[in-house]
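Subject: Two-chain model, handover

Hello,

Here is the structure I said I would pass on.

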Amino acid sequence: MDYVMIIDDSVTIRKSIELVIKNLGVAIKHAQNGKEALNVIKGIKESGDNLSLCITDVNMPVMDGITFVKEFRKDDRFTPVLMLTTEAGEAAINAGKEAGASGWIVKPFRTDQLIDAVKKFIR
Amino acid sequence: MEGLREIFTGEAQEILQNLEPEIVNLEETKSPDAVNKIFRSVHTLKGSSGMAGLMELSEFTHKLENLMDAVRGGSLQVDGDLIDILLNSMDWIRMNVAGTDKSDVTETLKIQLLSQIDAYMQNGNLSGHLQVPAYNSLSAINSEVIADNTSVKSSATDNSDETAYRFYRIKVVFKESVFRNGIDPLMIIEDLVSLGRISRRVVDKRKLPDFENLDPEKCFLNWDIIMRSGYDISKIEDTFIFVRDHSTVKINDITEAFNAPRNLEVQKLGEIMLSKNIINKQELDKVLETQKQSGKKIAELMIEKGYASDEEVKSALEEQDKIKKKIESSSIRVSTGKLDKLLNLLGEIIIGQSAIMRAAEGIEGDEAERVVSAVNGLDRTTREFQENLMGIRMIPIGPTFEQFRRFVRDTAKIFNKDIKLVIEGAETELDKTVIEKLNDPLKHMIRNSIDHGIESTEERKKSGKNLNAEIFLKAYHQEGSVYVEVRDDGRGIDKLRVRKKAEQLGFIKHSDEISDENLFSFLFMPGFSTAEKVGDLSGRGVGMDVVKTNIDELRGTIKIESEKGRGTVFTIKLPLTLAIIDGMLIRVGEHKYVIPLLSIVESIRPAKKEVKTIKGQGEVVYIRGQYVSLIRLYELFRIKSEYTDPCNSLVVIVEANNGMLALMVDELIGQQQIVIKSMDSELTKNRAISGASILGDGKIALILDIHGLAGDVIH
Amino acid sequence: MTIEVNENIGVKTVKKFYLELKELLKKEAEIILDLQNVKRLDLSVVQVLIAANRECMKNNKSIKLKSVSKDIKRQLYLAGFSN
């Protein structure tokens, strides 16, 4: 199974992303923050499945996106991570890149922008 | 060998020139005569390129010859595709002969053409032709390998509108660590090529280690791709958005060399019809514009638009044919080198002439007068000779202007602006060398106009202007000079901002009063840019100073006029000839100098009260309500002079780019034609000197560089 | 001998793939890689194939690809596997 992990504290955003990308033929897992995501990912890997992509928000309670990427990269160097940043997110983009994020989308985004970005990492 | 090549180059150029219209005609007439003629010409090209040792060209023309032979034998039909192949082949041969950019454009085109010719020879059409070069299967892979180009072919068959496509060369070097974070370079390359059609792809595998020592988690491959695409360069760049930190990407638009040559021939037909009053200038412009966008033939368009009838077009085509034949039979080729040699010899004659004139000064009485009047007669003849000689080197500026249509259209598109290019005075003739050197500065100024000069469509709407902006390119002769104007109807230059920047950079003080002309001349200073945001194309603060340098090299001047809300005009003024100028010979002490006549406004002997020293500006002369900086040439060149008081000597007022200067001299000797001799670089490093001339008595007179002087004084 | 390549072949598993291939090449004179389950390759895998192919040419061995999909053929072309 190929999974895409969607990490955002807003359920609306998670759902809307899911609607857009599930057409790409991937399975979706959700998490509300970085910490929860790390647990879900651990589960995916333990069951022998493949994680294709993480899409993560930056500002979240408990564990923010940047910290998540740093933690995640400690034992996964190759899975792409796409960050969702806000318009004034130049600093966040740089921090994210440094932490090991692969790409970013600026919120609010259009459906095709999301698909374009996702398609840069999975086919 | 070298000599042979030169001869071949000339021959090839002539053949190409005659061949191209022949090919265009073939499409209409499908006449066996035309086929024969094309075959023979290609055959000649093959033979002579082989003789000249140009094997690549020889092999290519050999293929082309085979193709034409098949057409001649009737086994292949003449159709649009064949004509395209032939015309594109002419382009390639032309580029190959000229030696332009061997690596990029010519290579792309050659590969394309050869595969098209092959396909045509095999199938009699292009239907089975793979637009992406099929690759050979490796000996190690026995699975049959065929490029999957189904997705690409749809765009490739639609090549009626070639002008909508650009060719890009993309070089990508990835960091070894690029695989980290989930980036797959191959996916990026796939994204990239989905935007168009690959013409060539080279994968650099030199860094890939031996299998034994391979670290499979590192990236070692790099790409060099040439592709054709209908997208803007920004779209191509976007492909690499997520790997900017992980790669070095170079993207160049290499289209330019492709389209220019064919339009020239076409334009001639329009000119014939124009001269016969069948169509008017506006109609012709419209047709040319549509032609560029649709790729249709001009004759077709004229009928289509109802500007001319079938018969009229036909008779014009016949006339064109006649002209071609006439040119064919009555012209000879002369290398520019020979013309240069003639010009040099003429220079010697002029020097000899002034030697005779000088000798005549030593003779008394009637005899002297007879000599002087004889030399004056000779002078008229040499002037006429010179004009004729220069005339041979003159070519109309039209084609240079025309090529910017495409540039304006594309650039305007990038900035999302609606801009029309209007050309005036296309027939104005300039020295070939001058035209070549004008290309870059013109391009830069046009770019500047599009980027900064012309407002966005919304802004134009707000200020009630016509939404279609216009850029004018205009050339005309006036008083022995050539003028080239680049005018836009944009927002004009913001004087306050230029002023502020000039103050910031310390060129002027807050309290200084300055004319618009002088103020705008700061725009030509290196590093001077008022652009708030760095645009894609211009506004990096480089460029305008380069424009100025280019124009200076041609001994021309450039000035800017601008009116807020109405637009900006760049006016370039150039001397008609390069090697011989009209000069005023002056004397300072025992030394003679030349001031280019074009720069001289007047000469005066100032009154005491008109000469003073102003703080910050030094010594000045008050002339007609204006203070003009005084330059004592004897001080500048550290020589002895007869006079040290400007009120006793003479002052020559000269005009430079950014204002006037008063040059203090001992004597005005007289006006004469000055032959400019090249000088070694040590001397020309001096900003005050632009060259040297040999006088009748064999002595050397240095030519003053007025713009250089003005630059030194004013800044 | 024929090896069936795993559908998830990619940069995450390339090291394992590479090491296995390396072992095999020591023993076998001819290796056939069956790509029938593979939808696409990534560059890391293509690099291994290119390097392995070079190695085989040197030692008079061979690597062959089997069941190559159209997409993968195109990928191989883009990555210069056919120069």
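The notes below take the two chains in turn, then the contact between them, then the confidence scores.

Please keep in mind that this is a predicted model.

Chain A
Chain A has 123 residues, of which 50% are buried. It contains five helices and five strands, and along the sequence these follow the pattern β-α-β-α-β-α-β-α-β-α. Of the contacts in chain A with a separation of 6 or more, 62% are between residues 24 or more positions apart.

Chain B
Chain B has 715 residues, and 48% of them count as buried. Its elements are 23 helices and 22 strands. Among contacts in chain B between residues at least 6 apart in sequence, those joining residues at least 24 apart make up 68%.

The interface
Chain A puts 19 residues into the contact and chain B puts in 14 residues. The area buried between the two chains is about 1,400 Å², and carbon and sulfur atoms give 52% of that area. On the chain A side, Phe78(A), Lys120(A) and Arg123(A) supply 46% of the area that chain A buries against chain B, more than any other three residues.

Three salt bridges are found across the interface of chain A and chain B. In a salt bridge between the chains, the side chain of Arg77(A) meets that of Glu217(B), at 2.8 Å from N to O.

Which elements of chain A give two or more residues to the side that touches chain B? They are strand 4 (81–85), strand 5 (103–106) and helix 5 (111–119) of chain A. By residue type, that side of chain A divides into nine nonpolar, four polar and six charged residues.

Confidence in chain B
The average pLDDT of chain B is 77, and 83% of the residues score at least 70. Among its elements, helix 7 (residues 185–193) of chain B has the highest mean pLDDT, 91, while helix 6 (residues 150–157) of chain B has the lowest, 32. Over residues 128–162 of chain B the pLDDT is below 50, although the model gives this stretch 62 contacts beyond near neighbours in sequence. Residues 532–542 of chain B also stay under 50 in pLDDT, and for these the model has 20 contacts beyond four places in sequence.

Regards

Definitions and conventions: Residues numbered from 1 in each chain as written. Chains lettered and ligands numbered in written order. Predicted model: local features only at pLDDT ≥ 70, side-chain atom pairs only at ≥ 80, totals over all residues. Heavy atoms only, no water. pLDDT = per-residue confidence, 0-100. Helix = DSSP H or I, 4+ residues; strand = E, 2+ residues; numbered from the N terminus. Contact = heavy atoms within 4.5 Å. Buried area = accessible area lost by both parts, 1.4 Å probe. Salt bridge = Lys/Arg side-chain N within 4 Å of Asp/Glu carboxyl O. Nonpolar A, V, L, I, M, F, W, Y, C, P; charged D, E, K, R; others polar. Buried < 20%, exposed > 50% of the residue type's maximum accessible area, 1.4 Å probe, protein only.
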